[in-house]
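Please examine the sequence and the structure shown below. The briefing that follows treats selected features, grouped by topic.

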Amino acid sequence: MNYNDFFAKALGQLRAERRYRVFADLERIAGRFPHAYWHSPAGKRDVVIWCSNDYLGMAQHPKVIGAMIEAASRMGTGAGGTRNIAGTNHPLVELERELADLHGKDAALLFTSGYVSNQTGIATIARLLPNCLILSDALNHNSMIEGVRQAGTEKRIWRHNDIGHLEELLKAADIGRPKLIVFESLYSMDGDVAPIHAICDLAERYNAMTYCDEVHAVGMYGQRGGGVTERDGAAARVDVIEGTLAKAFGCLGGYITGTAEMVDAVRSYAPGFIFTTALPPAICAAATAAIRHLKTSQWERDRHQDRAARVKSVLNAAGLPVMPSDTHIVPVLVGDPEKCKAASDMLLADHGIYIQPINYPTVPRGMERLRITPSPYHDDKLIDALAEALVDVWARLDLPRRDQALAAE
Ligand code: PLP
């Protein structure tokens, strides 16, 4: 049997469905964010990144780099094992304290990624609740879907951000049955925000626990970067706040925060925590430096919002089909997978602009888009160059402009 044939066939299927992915070979340049080198077939070229989830450029902040170097010099690189085997390195203890404080909770538990924190966190919490019913928003991230699946308990999917539908499903369940409502605060493909208070009202009325993914909001919203739950004064009402250290905090890792008992139970039962090596001390020290900085500095948050507003306004004025978004995410609709990839290729090769195409299954078919994420460091000149490049690509690919595209939606 030629096993490779199976893999080749699977890849062929992705190509036939026009969703085979190619990654650009990039080299970020510390201190020159959002500039990077692209190792192109023709050699190394300077490009501007417009789709990074290092939303605030913290991965290159001198305090964060300094903390990582200092910790690595003192403590070395790896953590030395799982926490069950090797104990906990002190920087990780400090980081968990910092995270619990960020969200105003008793305790925090760190995982190796936001993906793992959702997958093992949701599954473990739901399995510890007898006969738990999970209510999951239809647009939840794959890591949450996997958590729900691994929980193995009954689930209901509520239409995205539809409070009426969530209430219908809650009403149909026994009031005495444990229930877990899982949702995101900020949905990263459309840039819309969950009605957190309304969800918490329902949770209180129908006796449910709430689990909120703040991955695309921590660091960027709220007075201290506690996310949308902090901005909306809802953090104390949400039972579990989950987040990542890999986006606005510029590092790696994920976490949950909540009551001391819940966190201790997950620590004691979650396979995705117990059986994997802890994050290296240097990563933890760097993340702590980023969180501490963003707890007091407003500059990054203010400038981030200012830049996102400017990008939206300049692209709209240029007649480009910017999809409405309440947040820092700027999606521009293409509506065709091949043209989306072609637009991305042209931007990179002809304009030195890197924006990864977003195709199915990340977004529904027909809603393919360029997802633009302005940072505090994208200045007016870069924004104008982006608009000019997009207008050129739109004309060359004969893509629908603002009025046509949004009217057809
Ligand atoms: N939750 C959401 C909503 C995400 O979009 C992502 C990743 O993009 C994750 C969780 C996973 O986080 P991480 O990248 O830290 O694994």
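R19 is partly exposed, with a relative accessible area of 22%; partly exposed denotes the range between buried (under 20% relative accessible area) and exposed (over 50%), computed with a 1.4 Å probe on protein chains only. The model is predicted, so that local features need pLDDT of at least 70 and side-chain atom pairs count only at pLDDT 80 or more, while totals for chains, interfaces and linings use all residues. Residues are numbered from 1 along each chain as its sequence is written, and side-chain values use heavy atoms, with hydrogens and water left out.

**R19 and its surroundings**

- R19 belongs to the loop between α1 (3–16) and β1 (26–28); helices (H or I, at least four residues) and strands (E, at least two) are DSSP runs, numbered from the N terminus.
- Not counting residues up to four places away in sequence, R19 touches L14, Y360 and P361, where contact means heavy atoms within 4.5 Å.
- R19 and C251 are separated by 232 residues in sequence and by 29 Å in space, C-alpha to C-alpha.

**Backbone geometry in loops**

- Most residues other than glycine have a negative phi, and most peptide bonds are trans.
- R18 is a residue other than glycine with a positive phi, near 60 degrees.
- R18 also lies in the loop between α1 and β1 and is partly exposed, at a relative accessible area of 37%.
- N207, which is not a glycine, has a positive phi of about 65 degrees.
- The loop that holds N207 runs between α8 (196–205) and β10 (209–213), and N207 counts as partly exposed at 47% relative accessibility.
- The peptide bond from Y360 to P361 is cis, with omega near 10 degrees; P361 is found in the loop between β15 (357–358) and β16 (369–372).
- A cis peptide bond also joins F33 to P34, with omega near 10 degrees, and P34 is located in the loop between β1 and β2 (35–40).

**Helix α4**

- How far apart are the end C-alpha atoms of helix α4? They are 21 Å apart, which agrees with the 20 Å that the 14 residues of α4 (residues 90–103) should span at 1.5 Å a residue; the expected span is 1.5 Å times one less than the number of residues.
- The buried residues of α4 are P91, L92, L95, E96, E98, L99, A100, L102 and H103.
- These buried residues pack against several elements, including α2 (62–75), α3 (83–86), β4 (107–111) and α12 (281–296).

**Packing of helix pairs**

- Two packed helices are described by the angle between their axes and the distance between the axes.
- α4 and α12 pack at an angle of about 30 degrees, with their axes 8 Å apart; axes are lines fitted to C-alpha atoms, for helices over the stretch in contact, and angles run from 0 to 180 degrees between N-to-C directions.
- α4 and α12 are therefore roughly parallel to each other, given that angles under 35 degrees count as roughly parallel, over 145 as roughly antiparallel, 65 to 115 as roughly perpendicular and the rest as oblique.
- The crossing of α4 and α12 is left-handed: the near helix is turned anticlockwise from the far one by less than a right angle, whereas in a right-handed crossing the turn is clockwise.
- Among the residues of α4 that meet α12 are L95, E98 and L99, and those of α12 include C284, T288 and I291.
- Helix α5 (residues 114–128) and helix α6 (residues 142–151) pack at an angle of about 30 degrees, with their axes 7 Å apart, which makes α5 roughly parallel to α6.
- α5 passes α6 in a right-handed crossing.
- Helix α14 (residues 337–351) and helix α15 (residues 380–396) pack at about 125 degrees, with their axes 10 Å apart, and are therefore oblique to each other.
- A343, M346, L347, D350 and H351 of α14 make the contact with A389, L390, D392, V393 and R396 of α15.

**Cysteines**

- The structure holds zero disulfides, a disulfide being a pair of cysteine sulfur atoms within 2.5 Å.
- C132 is in no disulfide, and the nearest cysteine sulfur, that of C200, is 16 Å away; C132 is buried, with a relative accessible area of 1%.
- C284 is in no disulfide either, with the nearest cysteine sulfur, that of C251, 9.0 Å away; C284 is buried, with a relative accessible area of 0%.
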